[in-house]
Amino acid sequence: MKASYEVAEKIDRVLMIIIRYVALVLLIVNAYIIIDTFYIEKKAFSSYDLKKYKPVESADEGFSISSFDDLMKLNKDAVGWLTVYDTNIDYPIVQGRDNFEYANKDVFGKASLTGSIYLDAGDKGFEDFYSLIHGHHMENGAMFGGIDEYVSKDYLHEHNDGFLQTPEGNYRLTIFACVSADAYDDIVYDYTDSPENREMLSKYLMENSICTEGDYISRNLENVNKLIVMSTCDSAGTFDRLLLLADAHPGTGRVEKEDETPLLTALGHISNSDQWAVLNLICAISIIFLVIDSIRKKHTLSAIIQLVMLIISAVLFIFTENISADAVLFDGLTPVMLLILTAALIVEIVFLKKNEKNKNNYEESL
């Protein structure tokens with residue numbers, strides 16, 4: 001009877017250990033999903049790390065030009081930088097081999113659901129009268145997610161100023177219309193410039209405009225020097241699109257204050273890492289719970305050993321992970337963190353067994 005009771009107790013302990021590990025795995029997976037979702041949203045905004053590649057404007061023989069050296073080193077497909085003042089639109093513009101390449105790839109060349117702001121693959125830079133720029137509609141207002149604000153005439157009036165920097169020269173933008181469109185409207189998405197097509201485009205824009213300002217659309221767009229069209233998805237339907245139209249004239253940008261509050265980086269960060277691992281953070285947090293559990297059970301020596309392991313894991317995390325960068329599931333440090341966590345669990349199990357053995361000996365002596 002006693003033997004069967006001991007076997008049952010051992011099975012129970014093994015099951016509890018398995019349940020702990022399963023719970024830990026589920027915690028890791030769920031934490032990663034939550035953090036990954038947060039970073040997808042966060043990454044969509046133009047960050048401090050990205051803005052340091054923003055071209056610096058200067059004057060050359062009366063023309064506004066910008067140096068694209070740093071941006072071109074980052075990505076050879078960069079063709080410009082688009083800024084709409086007092087909005088979240090402040091991004092580099094890239095141009096891929098087709099219109100799918102940068103739909104799910106960021107300017108750093110990494111896979112990203114937010115994609116990039118990209119010039120239509122059929123355009124020849126910004127040489128022609130008509131230039132089409134694509135960007136995802138992010139629900140938090142990042143990328144081109146803020147374009148839907150322009151359905152309000154008041155918002156259009158208050159946010160109609162922008163700046164386009166290109167290697168060939170810079171343009172001051174005057175935003176004058178918000179237009180609804182269909183993804184299969186060739187006059188917008190496969191435009192070829194000609195007097196006849198300008199007349200057709202003018203008519204199309206007049207018929208589909210949500211709100212306009214000034215006298216740009218009428219009279220076959222003759223008041224438009226260079227037409228910049230920003231296109232994004234409209235939440236109304238699968239193929240519905242919102243267009244933001246701007247007139248571009250050679251000019252200089254607005255003098256802006258530099259961002260004095262960049263994203264925080266990890267304290268004491270010395271590894272120059274461009275990411276951090278969720279699994280490493282979960283390992284450190286798990287050791288905290290083990291220390292608390294040992295203290296609660298009055299396993300003093302176990303708590304001290306686990307506390308040392310916690311300090312080691314915390315120091316490793318702080319000095320090697322860049323929490324301002326992208327979150328990944330694991331990295332090169334993860335095996336070490338898992339090893340420390342495993343050691344902490346072993347300490348927990350050893351002292352648990354020792355405590356039960358002492359308890360059994362005590363009961364037998366009674």
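Biologist: Before we start, what does buried mean here?
Modeller: Buried means a relative accessible area under 20%. The model is a predicted one. Cys 211 has 7% relative accessibility and therefore falls below that cut-off. Cys 211 counts as buried.

Biologist: Is Cys 178 buried or exposed?
Modeller: The cut-off for buried is under 20%. Cys 178 has 0% relative accessibility, so Cys 178 counts as buried.

Biologist: How many disulfides does a search of the whole structure find?
Modeller: A disulfide needs two cysteine sulfur atoms within 2.5 Å. The cysteine sulfur closest to that of Cys 178 is in Cys 211, at 5.4 Å, which is too far for a bond. From the side of Cys 211, the closest cysteine sulfur is that of Cys 178, again too far because the distance is 5.4 Å. Over the whole structure, the number of disulfides found is zero.

Biologist: Which residues have the most contacts inside the largest nonpolar core?
Modeller: This core has 30 residues. Leaving out residues up to four places away in sequence, Ile 93 touches residues including Trp 81, Phe 126, Ile 133 and Leu 164. Those with the most contacts inside the core are Ile 93 and Ile 133.

Biologist: Over which residues does pLDDT stay under 50?
Modeller: The protein averages a pLDDT of 81, and 74% of the residues score at least 70. Where pLDDT is low, the predicted coordinates should not be read in detail. The model has 25 contacts beyond four places in sequence for the stretch where pLDDT stays under 50, residues 257–272.

How values were computed:
Residues are numbered from 1 along each chain as its sequence is written. This is a predicted model: local features need pLDDT of at least 70, side-chain atom pairs count only at pLDDT 80 or more; totals for chains, interfaces and linings use all residues. Side-chain values use heavy atoms; hydrogens and water are left out. A nonpolar core is a set of buried Ala, Val, Leu, Ile, Met, Phe, Trp, Tyr and Cys residues joined through side-chain atoms within 4.5 Å. Buried means under 20% relative accessible area, exposed over 50%, partly exposed in between (1.4 Å probe, protein chains only). Contact means heavy atoms within 4.5 Å. pLDDT is the predictor's confidence in each residue, from 0 to 100.
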